[in-house]
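Please keep the sequence and the coordinates at hand while reading.

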Amino acid sequence: MNLDDSASLRQRMEAWYGPSDVADVAPVPPTIDMPRALRSWYEVAGRWADAINPSDSTKVMSPEQLYVEDGRLVFMTEYIGDWAWATDTVGDDPAVYDRSDDDADWRFLSPGLGEFLHLFWLFNAVTSAPAVAVKHLARPKDLSSVQSGMHHIATVNWRCPLEVLKFYEADGTLAYIASDAGSPSAFINLGASTRSANPVFESIAGQSWYRYQRRPAVADG
């Protein structure tokens with residue numbers, strides 16, 4: 001799937017959540033200026049109640065809450081406001097920038113807003129999945145189990161919470177491996193779309209992994 005394509009995003013969300021919660025989403029009013037990629041995001045993710053902001057760690061603002069700061073259109077913030085993400089105010093698929101409270105200026109993060117929003121959803125869908133398994137200080141065999149048992153989607157710079165994220169998927173399962181550049185240690189987060197037994201999830205998450213369950217994104221099948 002192309003990560004910057006709205007049809008691919010919708011296909012991945014349908015596979016994760018099931019049929020959309022609403023038949024049609026009201027388009028963003030044309031009077032609100034924003035890049036095409038962000039407008040498409042609202043119209044696709046808005047079809048599922050949990051898709052726009054699937055976790056409490058970060059929040060994509062509603063169209064009415066967008067604002068310009070130092071020449072950038074701010075569209076997402078970390079939940080306590082320590083980190084913010086912005087894009088250019090015009091263009092089809094402009095770059096993404098981020099800034100923490102310690103930064104004086106916006107820093108370039110990603111060349112494309114559409115891909116960034118797609119991966120943002122993947123990142124939060126994992127952490128808010130109905131069934132989650134976490135492995136801190138992942139060992140080589142833990143990394144190998146993800147890399148051999150799942151399909152690699154993308155490797156990207158992220159910075160918050162860690163510098164490098166590698167995304168993976170398999171049947172009803174999403175995962176990311178997070179690490180800092182040059183660090184030998186890594187962190188794995190694995191999520192399943194339902195609480196029901198998932199062969200991929202169970203084959204990867206060993207006994208030493210920390211597991212927890214959240215409210216299912218879709219009814220268990």
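The sections below treat the sheet, the helices and the loops in turn.

The structure is a predicted model. One of its elements is an open sheet of six strands, paired antiparallel in the order β8-β9-β10-β11-β7-β12. The edges are held by β8 (residues 151-157) and β12 (residues 210-213); each has a single partner strand, so one side of each is left without a neighbour in the sheet. Direction ignored, neighbouring strands of this sheet are turned against each other by 15 degrees on average.

As a general point, strands of a sheet pair through backbone hydrogen bonds, and the pairing is either parallel or antiparallel.

| Strand pair | Bridges | Direction |
|---|---|---|
| β8 and β9 | six bridges | antiparallel |
| β9 and β10 | seven bridges | antiparallel |
| β7 and β12 | four bridges | antiparallel |

Threonine 155 stands opposite lysine 166 in β9. Lysine 166 also has a bridge partner in β10, namely isoleucine 177. Elsewhere in the sheet, alanine 133 faces arginine 211, a residue of β12.

Two of the strand pairs form hairpins. Between β8 and β9 there are six residues, and the turn contains arginine 159, whose phi is positive at about 75 degrees. The hairpin of β9 and β10 has two residues between its strands, and glycine 172 in that turn has a positive phi of about 65 degrees.

Another neighbour is helix α2. The two helices pack at an angle of about 30 degrees, with their axes 8 Å apart. From α2, the contact involves Ala37, Leu38 and Trp41, while α3 contributes Leu113, Gly114, Leu117, Phe120 and Trp121. The crossing of α2 and α3 is right-handed.

## Helices α1 and α2

Helix α2 (residues 36-45) also meets helix α1 (residues 6-17): their axes come within 10 Å and cross at roughly 25 degrees. That angle makes α1 roughly parallel to α2, because angles under 35 degrees count as roughly parallel. In this pair too, the crossing is right-handed. The residues that meet are Ser6, Leu9, Arg10 and Met13 in α1, and Ser40, Trp41, Val44 and Ala45 in α2.

## Selected loop residues

Several loop residues complete the picture. Proline 130 is located in the loop between α3 and β7 (residues 131-135). Is this proline buried or exposed? With a relative accessibility of 0%, proline 130 counts as buried, because the cut-off for burial is under 20%. Proline 130 and aspartate 101 are 29 residues apart in sequence, and their C-alpha atoms are 32 Å apart in space.

Alanine 49 lies in the loop between α2 and β1 (residues 58-60). This residue is exposed, at a relative accessible area of 69%. Its sequence separation from serine 20 is 29 residues, and the C-alpha to C-alpha distance between alanine 49 and serine 20 is 8.6 Å.

Aspartate 70 belongs to the loop between β2 (residues 67-69) and β3 (residues 72-78). Its phi is near 55 degrees, a positive value in a residue other than glycine. At 60% relative accessibility, aspartate 70 counts as exposed.

Arginine 159, in the loop between β8 and β9, likewise has a positive phi although it is not a glycine. With a relative accessible area of 25%, arginine 159 is partly exposed.

Conventions
Residues numbered from 1 in each chain as written. Predicted model: local features only at pLDDT ≥ 70, side-chain atom pairs only at ≥ 80, totals over all residues. Heavy atoms only, no water. Buried < 20%, exposed > 50% of the residue type's maximum accessible area, 1.4 Å probe, protein only. Pairing = 2+ DSSP bridges. Axes fitted to C-alpha atoms, helices over the stretch in contact; angles between N-to-C directions. Parallel < 35°, antiparallel > 145°, perpendicular 65-115°, else oblique. Left-handed = near helix turned anticlockwise from the far one by under 90°. Contact = heavy atoms within 4.5 Å.
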